[in-house]
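Please look over the sequence and the model shown below.

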Amino acid sequence: MLKKLIISLLVFTAIGNKSFAFNNKPLTDSTITIKVKGVTCSNDLKTLADNVKELKGVSDCKPGKMGPTSVFKITYNPALVSTKEIYKAIENTGGCSDPNERPYKVKAN
């Protein structure tokens, strides 16, 4: 019984210890620049940046100038959040004039 308890404790300790985990994703932050269409006012820039910053793994989101295509510089940890999740957060943000509308589209580079 004691032997099973010790083995169980070692297994749970190994699982919880990140040095035993296999992870091929980078542990450092990356920075990407994303172009977004549909931004019509300065509140859009702030709302989009705030929604992206709420994602676990995003450390910063700086919006550029408003225009037909607005640029966002995003710093994130790829081990915690993917670019697809960031794109989805942008495209699922409600519009400034109508929160039920989804006017923002990430422009492919």
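Which exposed residues sit on the face of α2 turned away from its buried side? They are S42 and K46. Here exposed means over 50% relative accessible area, buried means under 20%, and partly exposed is in between, with a 1.4 Å probe and protein chains only. Helices (H or I, at least four residues) and strands (E, at least two) are DSSP runs, numbered from the N terminus.

This is a predicted model, in which local features need pLDDT of at least 70 and side-chain atom pairs count only at pLDDT 80 or more, while totals for chains, interfaces and linings use all residues. Residues are numbered from 1 along each chain as its sequence is written, and side-chain values use heavy atoms, with hydrogens and water left out.

The protein chain has 3 helices and 4 strands. Read from the N terminus, the order of elements is α-β-α-β-β-α-β. The chain has 109 residues, of which 25% count as buried. Its accessible surface comes to about 7800 Å², and 58% of that belongs to carbon and sulfur atoms; the areas come from the Shrake-Rupley method with a 1.4 Å probe, and for residues only the protein chains shown count as cover. A contact means heavy atoms within 4.5 Å. Among contacts with a separation of 6 or more, 59% are between residues 24 or more positions apart.

Now take α2 as a whole. Its 12 residues should span 16 Å at 1.5 Å a residue, and the end C-alpha atoms are 17 Å apart, which agrees. The expected span is 1.5 Å times one less than the number of residues in the helix. The buried residues of α2 are D44, L45, L48, A49 and V52. They cover an arc of only 125 degrees around the axis, which puts them on the same side of α2; the arc is that of the directions from the helix axis to the C-beta atoms. An α-helix has 3.6 residues a turn, so residues three or four places apart point the same way. The buried residues of α2 pack against β1, β2, β3 and α3.

Helix α3 (residues 83–91) has I86, A89 and I90 as its buried residues. Seen down the axis of α3, these fall within an arc of 100 degrees, so they line one face of the helix. On the face turned away from the buried side, α3 carries the exposed residues K84 and K88. The cover over the buried residues of α3 includes β1 (30–37), α2 (42–53), β2 (58–63), β3 and β4.

Next come the charged pairs. Side chains of opposite charge can pair when their charged atoms come close. A salt bridge is a side-chain nitrogen of Lys or Arg within 4 Å of a carboxyl oxygen of Asp or Glu, and by this rule the count comes to 2 salt bridges. One of them joins the side chains of K46 and D50, at 2.8 Å from N to O. Both residues lie in helix α2, 4 residues apart, about one turn of the helix. K46 is exposed, with a relative accessible area of 51%, whereas D50 is partly exposed, at 29%. A salt bridge also links D60 with K62, where the closest N and O atoms are 3.7 Å apart. D60 is partly exposed, with a relative accessible area of 23%.

Is T75 buried or exposed? T75 is buried, because its relative accessible area is 18%. The side chains of T75 and T31 are joined by a polar contact of 3.4 Å. A polar contact is a pair of N or O atoms within 3.5 Å; within protein, one must be able to donate a hydrogen and the other to accept it, and residues adjacent in sequence count only if both atoms are side-chain atoms.

K53 lies in helix α2 and counts as partly exposed at 39% relative accessibility. Apart from residues up to four places away in sequence, K53 touches V58, D60 and C61.
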